[in-house]
Amino acid sequence: MEHSRLSRRALLLAAGSAAAATAADLAGAPNVLLILVDDLGFGDLSSYGASDLQTPNIDRLVSEGVRFDNFYANSPVCSPTRAATLTGKYPDLVGVPGLVRTMPADNWGYLSQNAVLLPQMLKEAGYHSGIVGKWNLGLSTPNTPNERGFDHFHGFLGDMMEDYYTHLRHGRNYMRRNEDVIDPKGHATDLFTEWATDYLDERKRDGRKFFLYLAYNAPHVPIQPPPEWLDRVKRREPGITEKRAKMVALIEHLDMSIGRVLAALKKNGQTEKTLVLFTSDNGGQVSAGASCGRLRGAKEDMFEGGIRVPMCAVWPGRIPAKSRCDQVALTMDLPATICRAVGITPPKDLNGVSLLAAMEGNSQSLTPRDLIWVRRDGGMRSQGRDYYAFRRGAWKLLQNHPFEAMQLYNLETDPGETTNLVESQPQLHRELTAQLMLHLQEAGRVPWEPPRS
């Protein structure tokens with residue numbers, strides 16, 4: 001375990017910062033609350049167009065800051081996006097092209113020991129870092145949250161729970177408080193909310209600046225809302241299907257929980273000093289009752305419905321309320337953004353870029369860049385191989401499993417991805433494919449399985 005614990009100076013050098021931030025730099029630095037929810041579809045907030053559910057707390061967040069209209073998860077599934085969110089790099093460049101699962105025969109990722117995570121980046125600035133909720137980047141040493149830079153962990157190591165009340169996966173308990181196994185009682189969403197408010201109260205008492213990564217597992221399957229929430233939805237929405245009612249209830253219960261966390265911030269006097277970011281790790285699972293709005297596809301797809309997600313940022317006094325941003329951005333941009341917000345230099349080798357200027361209303365566009373999405377998986381559909389999407393401007397090359405031909409769409413003229421232009425744009429198809437292959441060569445140098453013992 002000790003070999004993975006880098007000194008603060010070593011972490012700083014690994015992150016590429018030339019020097020520690022000065023006291024003046026940090027005087028106005030905010031706390032950071034990053035809320036990542038699980039499988040929330042682009043069409044499953046009332047502020048993003050849903051008419052059969054009510055999400056007043058998340059909607060209030062959206063209205064109090066900047067709403068992103070073209071924000072993307074780095075992958076159509078959990079672990080790769082989480083790796084990108086915490087490292088600022090493409091997930092296959094840090095060893096997580098697919099899901100980190102509890103069964104070794106179906107595991108497709110291993111978080112690289114060379115990867116520097118956001119809590120490590122923030123250490124030199126004196127931040128206390130906590131994660132509450134779902135980790136999904138490793139089940140044991142050296143890839144547990146405390147070993148990868150978090151000062152506090154209260155949550156679930158695994159990929160999913162098979163029951164929101166028993167919290168087990170394949171009959172095993174992956175609930176932890178730091179390194180201790182725990183067996184709490186209650187709905188997982190309620191537990192994570194309680195633990196998040198406890199963390200905020202602790203930082204209120206000790207006065208330390210904090211980074212809290214609040215990673216809910218809702219509304220991931222199993223779609224298991226508390227019964228009273230389901231009853232409320234059925235009474236309010238006559239004619240709603242059972243499947244959709246359960247999803248709506250689970251999301252509304254999640255919204256209430258996020259409201260409790262925001263209320264704790266306000267009670268503690270932390271609201272005005274905190275940058276709050278909200279997004280989802282991938283698109284909604286339509287087969288479980290989710291909605292991706294007008295977008296084609298869903299979770300696991302490289303179509304827009306699988307990777308385009310809601311996103312908002314709130315920072316009182318810095319980010320204008322009721323503002324919109326149409327910049328194309330990804331979850332891997334969040335580490336650079338957070339570093340800039342707190343006054344430290346982001347690591348030089350990040351693939352992500354800072355969105356802070358765009359959040360603050362700067363109309364200058366980001367430098368044009370090619371973007372890549374990846375997923376590796378097993379089963380007969382993927383057989384341990386990768387599939388990708390690649391975007392340059394409005395052009396998007398994609399496939400939804402490794403054995404189908406690439407498809408090409410122009411999102412400006414065809415946002416619904418209805419007309420495949422591969423045959424009519426052969427030169428562009430070749431150019432984008434060639435650029436994607438360069439990325440594959442780079443990613444091929446990064447191991448994605450744990451070393452043999």
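**Reading the model step by step**

Analyst: Let us begin with Ser-382, which has its place in helix α12 (residues 379-382); helices here are DSSP runs of H or I with at least four residues, strands are runs of E with at least two, and both are numbered from the N terminus. The model is predicted, and local features need pLDDT of at least 70, side-chain atom pairs count only at pLDDT 80 or more, while totals for chains, interfaces and linings use all residues. Residues are numbered from 1 along each chain as its sequence is written, and side-chain values use heavy atoms, with hydrogens and water left out.

User: Is Ser-382 buried or exposed?

Analyst: A residue is called buried under 20% relative accessible area, exposed over 50%, and partly exposed in between, using a 1.4 Å probe and protein chains only. Ser-382 has a relative accessible area of 2%, so it is buried. Contact means heavy atoms within 4.5 Å, and, leaving aside its neighbours within four places in sequence, Ser-382 is in contact with Asp-377, Tyr-387, Pro-402 and Phe-403.

User: Which residues does Met-332 contact, leaving aside its neighbours within four places in sequence?

Analyst: Met-332 lies in the loop between β14 (329-330) and α10, and its relative accessible area of 1% makes it buried. With those neighbours left aside, its contacts are Asn-74, Ala-84, Gly-88, Lys-89, Tyr-90, Asn-351, Gly-352, Arg-369 and Leu-371. Helix α10 (residues 334-342) is itself mostly covered, with 8 of its 9 residues buried. After α10 comes Gly-343, whose phi is positive, near 95°.

User: What is phi of Glu-300, and what is phi of Lys-322?

Analyst: Glu-300 has a positive phi near 85°, although it is a residue other than glycine, and it lies in the loop between β11 (274-280) and α9 (304-307). With a relative accessible area of 32%, Glu-300 is partly exposed. Lys-322, not a glycine either, has a positive phi of about 55°; it is found in the loop between β12 (311-314) and β13 (323-325), and at 70% relative accessibility Lys-322 counts as exposed.

User: How do α6 and α8 lie relative to each other?

Analyst: Two packed helices are described by the angle between their axes and the distance between the axes. Axes are lines fitted to C-alpha atoms, for helices over the stretch in contact, and angles run from 0 to 180 degrees between N-to-C directions. Angles under 35 degrees count as roughly parallel, over 145 as roughly antiparallel, 65 to 115 as roughly perpendicular, and the rest as oblique. The axes of helix α6 (residues 188-206) and α8 come within 9 Å and cross at roughly 10°, so α6 and α8 are roughly parallel to each other. Among the residues that meet are Thr-193, Ala-196 and Leu-200 in α6, and Ser-257, Val-261 and Ala-264 in α8.

User: What is the volume of the largest pocket?

Analyst: Rolling a probe the size of a water molecule over the atoms shows where empty space is left. On a 1 Å grid over the protein atoms alone, a pocket is an open set of points with protein on both sides within 12 Å along at least five of seven lines, whereas a cavity is a set of points where a 1.4 Å probe fits but cannot get out; lining residues have an atom within 4 Å of a point. Grid points are joined across faces, edges and corners, and a volume is the space filled by probe spheres set on the points. The largest pocket has a volume of about 330 Å³. Of its 19 lining residues, the closest to its centre are Glu-64, Leu-262, Lys-266, Thr-271 and Val-314. The elements giving two or more residues to this lining are α3 (56-64), α8 (242-267) and β11, and the largest share, 5 residues, comes from α8.
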